[in-house]
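User: I have a structure open on my screen and would like to learn how to read it. Could you walk me through it?

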2 protein chains.
Amino acid sequence: MKELINFILQFGNLNQQQIDLITGKATHLEIKKDDYFSEAGKVSVQVGFVLDGVMRVCYYDKKGEEITKYFIDENNLVVDLESFQNSICSSAYVQAVTDCKLIVFSKSDWEELLNTIIGWDTIVHKIISRSLMQKIERRSPLVSEDATTRYLSFMEKYPKIINRIPLSYLASYLGITQSSLSRIRKNIR
Amino acid sequence: MKELINFILQFGNLNQQQIDLITGKATHLEIKKDDYFSEAGKVSVQVGFVLDGVMRVCYYDKKGEEITKYFIDENNLVVDLESFQNSICSSAYVQAVTDCKLIVFSKSDWEELLNTIIGWDTIVHKIISRSLMQKIERRSPLVSEDATTRYLSFMEKYPKIINRIPLSYLASYLGITQSSLSRIRKNIR
DNA sequence: GAAAACATTTGTCATTTGGCAAAAAGCGAT
DNA sequence: ATCGCTTTTTGCCAAATGACAAATGTTTTC
């Protein structure tokens with residue numbers, strides 16, 4: 001739980017009472033590799049915080065190809081914002097890539113905290129907007145880079161993740177085929 | 001000015017007095033085609049709202065290639081968030097693609113509004129997070145699509161923009177070369 | 001530990017895209 | 001209309017990537 005508190009306190013100050021309110025609503029959740037935290041077609045009703053493991057957000061395109069939109073590892077929030085905030089069906093799956101340990105909040109508890117703790121909304125907004133900006137900064141460069149550069153950039157930026165995810169997921173994240181990725185890896189050695 | 005108010009009121013309610021406070025801080029700004037609204041290496045100190053025209057955010061990659069990160073057209077906010085919020089040097093240029101008319105707020109006025117108008121911060125947060133989510137939803141699919149699909153998707157989603165921007169900018173947005181784009185356009189006819 | 005299931009690499013070939021340079025088309029100023 | 005400038009299209013060829021199938025390697029299950 002300490003990890004969550006430290007994470008939150010990066011974005012603003014809270015007194016001990018407020019922290020207790022938050023931790024009081026938090027529950028632990030374990031998700032096995034390959035299981036889903038939330039699914040396309042369902043409304044997302046919880047916010048998670050990754051204590052341990054790697055998760056991914058993915059969807060299927062028109063051709064039925066699986067696309068990995070992003071990876072989420074330790075000490076990051078995991079939530080399908082669009083679905084959670086607007087109570088609409090999600091279009092993406094959130095899946096555990098490895099066995100994962102999470103802290104989760106139900107939507108009702110989360111909203112209660114927003115109404116109860118002064119300044120909590122500001123902290124939440126900061127967390128969310130930083131997370132959204134990160135997602136853009138990660139995804140956007142991939143559009144203009146060639147496949148080899150994409151792979152090298154990924155290695156450089158996320159060395160901690162690369163050994164923990166199947167190459168097929170990485171390929172679907174980088175927007176290349178699995179065999180291309182394999183060839184690229186061979187050429188780099 | 002009406003456009004701005006309508007835009008804002010989509011995200012929350014404000015009374016007339018509050019609206020007057022906001023409009024009182026707003027100033028008009030015209031930017032000629034190709035001129036910059038903000039530049040890399042400088043700290044961004046204003047928030048804009050596009051009344052008329054198309055703008056783009058761009059930067060230069062390691063090889064010196066110009067990359068267009070996104071286009072912004074009428075009734076959207078234009079601001080380099082990272083730079084504006086944290087008072088750090090921007091890494092991107094915000095440039096007028098056509099002659100543009102904007103409403104702008106200085107950073108100090110913007111912050112004064114945040115401190116003066118109750119609920120304004122919530123509205124701003126909503127505007128910003130929607131805008132960030134849009135950026136991701138626009139940019140992300142480009143990673144996994146082939147060049148022709150990228151072009152067709154762009155046409156479909158932004159038919160109003162396509163005739164107003166140079167093809168070189170569009171190519172740099174789609175992550176393909178200008179000649180590839182030209183060939184794709186030929187094949188589609 | 002063998003079989004089955006899954007993940008990764010490799011081979012072959014077709015297709016797409018890039019790089020570069022030249023031609024053509026479009027546009028504004030005179 | 002013409003010149004000069006910029007934008008867009010083309011042509012040519014090389015390089016990168018995709019599609020598909022088979023082979024190899026790895027992990028899981030019984």
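Analyst: Gladly! Let's start with burial: a residue counts as buried if 20 or more other C-beta atoms lie within 10 Å of its own. This is a predicted model, and in chain A buried residues make up 31% of the 189 residues.

User: What secondary structure does chain A have?

Analyst: Chain A contains nine helices and eight strands. Its radius of gyration is 18 Å, close to the 16 Å that the globule rule gives for 189 residues, so chain A is as compact as a globular protein of that length. The C-alpha trace spans about 55 × 30 × 30 Å along the principal axes.

User: Which residues have the most contacts inside the largest nonpolar core?

Analyst: A nonpolar core is a set of buried nonpolar residues joined through C-beta atoms within 7 Å. Here the largest one has 69 residues, and Met55(A), Leu174(A), Met55(B) and Leu174(B) have the most contacts inside it. Another core, of six residues, lies apart from it, with Val124(A), Leu132(A), Val124(B) and Ile128(B) among them.

User: And where do the two chains meet? Which element supplies the largest share of chain A's side?

Analyst: Residues of two chains are in contact if their C-beta atoms lie within 7 Å. By that test, 18 residues from chain A and 18 residues from chain B take part. On chain A's side, β5 (66-72), α3 (81-86) and α5 (120-144) each supply at least two residues, and α5(A) gives the largest share, 12 residues. By class, that side has eight nonpolar, five polar and five charged residues.

Notes
Residues are numbered from 1 along each chain as its sequence is written. Chains are lettered from A and ligands numbered from 1 in the order in which they are written. This is a predicted model: local features need pLDDT of at least 70, side-chain atom pairs count only at pLDDT 80 or more; totals for chains, interfaces and linings use all residues. Helices (H or I, at least four residues) and strands (E, at least two) are DSSP runs, numbered from the N terminus. The radius of gyration is taken over C-alpha atoms; the globule rule is 2.2 Å times the number of residues to the power 0.38. A residue is buried if 20 or more other C-beta atoms lie within 10 Å of its own, exposed if 12 or fewer, and partly exposed in between; C-beta atoms are placed from the backbone. Ala, Val, Leu, Ile, Met, Phe, Trp, Tyr, Cys and Pro count as nonpolar, Asp, Glu, Lys and Arg as charged, and the others, Gly among them, as polar.
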